[in-house]
Amino acid sequence: MAATTTVGSIKKYFRRLKDPRVVGRSQHLLVDIIVMAICGVIADCDDWPEIVLFAQKRLAWFQRFLKLPNGVPSHDTFERVFAKLEPRAFQCCCLAWLRAVADGLGMGHIAIDGKTLCGSAGSKWGALHLVSAWATQANLTLGQVAVDGKSNEITAIPPLLDLLDLRGALVSIDAMGCQKEIAKKIVAAGGDYVLAVKGNQEHLLEDVQATVDRALNEELPAHVVLQHNTTEQSHGRQENRSYVVINDVTGIRDHQAWPKLKTVVMCCSERTVKGKTTTEARFFIGSRKMGVRGYAKALRGHWRIENNLHWQLDISLGEDDSRIQERQAAETFALMRKMALSLLKQNPAKDSIARKRKAAALDLDFLAEVMAGAAKLQKI
């Protein structure tokens, strides 16, 4: 597929994005700036000067599908434009493009979690905290919402859910999101939830633990109690996990307030590293009635947002090292990193994300191939 078709097709998703600059005083087209920035982030660029350098060195290639009436903008222009773009509107355009990939892969399990951009702290603000939704099976970013800090994640989750198509999806959230209103919102949108339980809901943890105790003491009917054990060994570490799924919530006070609540879950893990053993028991509530292996897969899958998204953003895309401090620019750049990571993961090449980025910088055919992940499914 020609680069003019593959990469140039991005433009149609951003044509309706409002240009925040003064009409008639702009030397560079907004869509040109956005396409160069997205290509640059995929191609191993981690800040505005690197994006400018990449665009200058690849100017003839960009001129095949961008107008570029005054060449490549300066890094100050990139920074000013992205600092003025409305993050929500920009995100809607980005997600419309990525939805082409999502339509072909299906969502299944959606994990929601937050991450702090450590390098974004400045003299005026603290570090930016972003709450993200990640399709764990498709390896796709589905949206993000910015908040002032981790303590404000609860306020970010409802607007984040509004961005998602939850029909048939299973949504997992840590204990911060274990809220009745959040559960209601997920169910109302056609999804199911599995929520970690700690002490932030009155009596809930106590009742969940009591239900598990009754199950393990054989005080509940055998058919409502399901158990499953797993063992993993790697790199000198052994981890044994015991899962207990109980399809009986009558012991949960006020259980009717949790929509579709059907299941109580416990995961007890025993981890041995270098001869030292630690144990941890975690508790959950769920609205979907499914087998114990299904819940085991979902609970393990939730950590993919840490390993496949957050860890990769820091290690392969240098997010924690980024010093972009202007709030809106930091937020939009973070979204471009997630878009780049999603597209790089869709590409079938066996190399690491970091090597794929370098390959995209060196080989423009490969860059076009990475970006065609969405275009092919759209048959552009």
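Tutor: First a term: helices (H or I, at least four residues) and strands (E, at least two) are DSSP runs, numbered from the N terminus. This is a predicted model, where local features need pLDDT of at least 70, side-chain atom pairs count only at pLDDT 80 or more, and totals for chains, interfaces and linings use all residues. Residues are numbered from 1 along each chain as its sequence is written, and side-chain values use heavy atoms, with hydrogens and water left out.

Student: Great. Which elements each supply at least two residues of the lining of the largest pocket?
Tutor: Those are β4 (170–173), β5 (192–197), β9 (276–286) and α11 (292–302). With 5 residues, β9 gives the most. A pocket here is an open set of points on a 1 Å grid over the protein atoms alone, with protein on both sides within 12 Å along at least five of seven lines; a cavity is a set where a 1.4 Å probe fits but cannot get out, and lining residues have an atom within 4 Å of a point.

Student: And which residues lie nearest the centre of that pocket?
Tutor: D174, A196, R282, F284 and W303, out of 20 lining residues. The space in the pocket is about 350 Å³, a volume being the space filled by probe spheres set on the points, which are joined across faces, edges and corners.

Student: Back to β5: why is it largely enclosed by the rest of the structure?
Tutor: Because 6 of its 6 residues are buried, meaning under 20% relative accessible area with a 1.4 Å probe, protein chains only. D192, V194 and A196 point one way from β5, while Y193, L195 and V197 point the other way. In a regular strand the side chains alternate between the two faces of the sheet.

Student: How does β4 run relative to β5, parallel or antiparallel?
Tutor: Parallel, with 4 bridges joining β4 to β5; strands pair if DSSP finds at least two bridges between them. V171, for one, has Y193 in β5 as its bridge partner.

Student: What about the second largest cavity's volume?
Tutor: About 30 Å³. Here α7 gives the largest share of the lining, 4 residues, and P87, Q144 and L335 are among the lining residues.

Technical notes:
Buried means under 20% relative accessible area, exposed over 50%, partly exposed in between (1.4 Å probe, protein chains only).
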